[in-house]
Amino acid sequence: MSKAEEVSGAPIAAESTLMFQEAAAASAVVEQQFEANREKIIAAVEQIHAFSPRVLVTMARGSSDHAATYAKYLAETRLGLLTSSAAPSVSSVYHAKQNLEQTLYLAISQSGKSPDLLAGVETAKQSGALTVALVNVEDSPLAAMADIVLPLHAGAEKSVAATKSYIATLAGILNLIATYTNDTELLSARDQLPAQLARAWANDWTAAGVDALREARNLFVIGRGYGFGVAQEAALKFKETCGLHAEAFSAAEVKHGPMAIVNAGFPVLVFAQQDETRSGTDALVSDFVARDARVLYAAENAPAGQALPVVEGAHAATAPILQVQSFYRLANALSVARGYNPDTPPHLNKVTETL
């Protein structure tokens with residue numbers, strides 16, 4: 001009996017899963033979020049400008065922390081704000097106080113009720129930070145605590161695997177920073193995002209991905225810059241929904257040791273966007289090919305035999321969001337093909353509360 005049959009009692013079809021249905025809704029979710037948060041974003045930007053932060057600190061776990069990685073690259077390249085990921089245990093376990101004056105503190109959560117996240121925000125407020133919450137549950141303890149609340153408007157997400165809420169978080173980060181900078185290109189990219197997400201969902205990576213990964217035991221997921229956060233997210237989803245050990249690496253970092261285990265047939269999924277990181281990522285892919293690795297390359301103009309279809313002409317800051325949308329379709333299908341039910345991964349709950 002397969003793992004999916006053990007959970008559901010019968011084989012499941014990939015397109016019948018909650019994960020598939022929820023991921024497919026991402027375009028509509030993002031469009032709704034942009035409309036619903038129009039005034040909130042403007043008010044938030046005014047308040048942040050008045051506060052004049054010198055640094056940005058993010059607080060999150062799991063998929064939300066991968067969204068925080070995206071926030072780091074976008075904030076550091078577009079705002080010039082040094083960005084650091086807070087270690088939750090510093091506040092929740094060690095109860096340490098920090099000097100967070102002129103710090104913008106961004107807490108990211110679906111449920112908004114994990115004790116370690118709340119402890120971090122409470123300490124940040126006491127330490128002089130301006131706190132912002134990107135949260136899906138608007139009446140959560142986190143929303144009640146934060147100085148600024150930007151709801152994700154992802155709606156109920158019943159599959160254990162986060163999909164539409166993760167994309168909604170990336171979109172919320174993009175919207176905040178695009179509005180803060182008033183960057184015409186970035187604002188245009190934001191406005192195009194809902195329609196492009198629909199196109200990305202139609203880019204089906206299933207055939208190539210399932211063929212390459214159905215029997216895999218390990219793989220690398222590679223990204224760089226704006227795309228590194230989605231590489232982290234993809235690696236988590238492989239573990240979470242497919243029972244497949246995956247590690248995420250920067251296209252630069254993977255050369256510092258991990259490359260030693262790449263040999264003939266070793267699977268590698270690579271994300272790339274059209275910016276200053278592309279040439280280095282192409283060179284890395286060539287190194288993988290020289291080792292006879294099995295490469296799946298999500299990038300414009302990728303070589304035949306490696307290429308996964310992507311939305312062409314996308315802004316470098318939105319390309320990773322579009323690629324993870326296409327990836328979710330693959331992860332869902334691969335989960336079913338490997339005998340799992342992606343909606344109910346073993347040993348996991350939808351809401352995880354840690355201290």
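This is a predicted model: local features need pLDDT of at least 70, side-chain atom pairs count only at pLDDT 80 or more; totals for chains, interfaces and linings use all residues.
Figure 1. The side chains of K125 and D147 are joined by a salt bridge with an N to O distance of 2.8 Å. K125 is part of helix α7 (residues 115-126), whereas D147 sits in the loop between α8 (141-145) and β5 (148-151), so the pair ties together parts that lie 22 residues apart in sequence. K125 is partly exposed at 34% relative accessibility, and D147 is also partly exposed, with a relative accessible area of 35%.

Figure 2. D282 and R278 meet through their side chains in a salt bridge of 2.9 Å, N to O. The two residues lie four residues apart in helix α13 (residues 278-290), about one turn of the helix. R278 is buried, with a relative accessibility of 11%, which is under the 20% cut-off for burial. D282, by contrast, is partly exposed, at a relative accessible area of 28%.

**Figure 3. A network of salt bridges.** Three residues, E15, D204 and R329, are linked in a network of salt bridges. Side chains of opposite charge can pair when their charged atoms come close. A search of the whole structure finds 13 salt bridges.

**Figure 4. The buried face of helix α3.** Helix α3 covers residues 26-36, and its buried residues are A26, S27, V29, V30, Q33 and F34. Viewed down the axis of α3, these buried residues fall within an arc of 165° and therefore line one face of the helix. The elements that cover the buried residues of α3 include the helices α2 (18-24), α4 (38-51), α9 (164-181), α10 (184-202) and α14 (319-337), together with strand β5.

Conventions
Residues are numbered from 1 along each chain as its sequence is written. Side-chain values use heavy atoms; hydrogens and water are left out. A salt bridge is a side-chain nitrogen of Lys or Arg within 4 Å of a carboxyl oxygen of Asp or Glu. Buried means under 20% relative accessible area, exposed over 50%, partly exposed in between (1.4 Å probe, protein chains only). The arc is that of the directions from the helix axis to the C-beta atoms. Contact means heavy atoms within 4.5 Å.
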